[in-house]
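I opened my notebook beside the model and looked up a few things. Here are the entries, in the order I made them.

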Amino acid sequence: MIIPLSAFFLASQLVVTVADNVPKFDVARGCRTDSASAYDPNAGMNATIKRCVDDEEQARDQLQTLWSGFVSSDRIMCTGETVGEKGDENSTPPSYVELLTCLQDQQLARKLPK
């Protein structure tokens, strides 16, 4: 499969942008989708969604603080895994909690003995 040169340069710019800043996710959409499967009948749907949004915002705040401390290749890889196929309407929306977990796992894996 041959990738057109223009597509390569466009993709390389995206990678640089992804590596430099914490990506922006629509956490409200993600939490509405996730809360349907993680619904807490004792709390109700609105409280379940609010708890999810709070968790996502806390993870985003942590990522903004820690972002530059993660290895660039890990940021690119984890962001790609978290975002997945943007064109797929049925895919799970990206999550800051998932992104933070991936980055922390990569960081821990680097510390394992060779």
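**Salt bridges.** I began with aspartate 54 and lysine 50, whose side chains meet in a salt bridge, 3.0 Å from N to O. My cut-off for a salt bridge was a side-chain nitrogen of Lys or Arg within 4 Å of a carboxyl oxygen of Asp or Glu. Both aspartate 54 and lysine 50 sit in helix 3, four residues apart, about one turn of the helix. I call helices the DSSP runs of H or I with at least four residues and strands the E runs with at least two, numbered from the N terminus. Aspartate 54 counts as partly exposed because its relative accessibility is 34%. For that I took buried as under 20% relative accessible area, exposed as over 50%, and partly exposed as in between, with a 1.4 Å probe and protein chains only.

How many salt bridges does a search of the whole structure find? I got three. Arginine 60 pairs with aspartate 61, closest N and O atoms 3.6 Å apart. Aspartate 74 pairs with arginine 110 at 2.6 Å between the closest N and O atoms. That pair links distant parts of the chain, from helix 4 to helix 5, 36 residues apart. Aspartate 74 is buried, at 5% relative accessibility, while arginine 110 is partly exposed, at 42%.

**Ground rules.** I was reading a predicted model, so local features need pLDDT of at least 70, side-chain atom pairs count only at pLDDT 80 or more, and totals for chains, interfaces and linings use all residues. Residues are numbered from 1 along each chain as its sequence is written, and side-chain values use heavy atoms, leaving out hydrogens and water.

**Helix 4.** I then stayed with helix 4, where Asp74, Arg75, Cys78, Thr79, Thr82 and Val83 are buried. Its buried residues fall within an arc of 145 degrees seen down the axis, so they line one face of the helix; the arc is that of the directions from the helix axis to the C-beta atoms. Just after helix 4, I noted glycine 84 with a positive phi of about 65 degrees.

I counted five helices and zero strands in the chain. The largest nonpolar core has 18 residues, with helices 2, 3, 4 and 5 each supplying at least two. Such a core is a set of buried Ala, Val, Leu, Ile, Met, Phe, Trp, Tyr and Cys residues joined through side-chain atoms within 4.5 Å. Leucine 63 is in contact (heavy atoms within 4.5 Å) with Val22, Phe70, Tyr96, Leu99, Leu100 and Leu103, leaving aside neighbours within four places in sequence.
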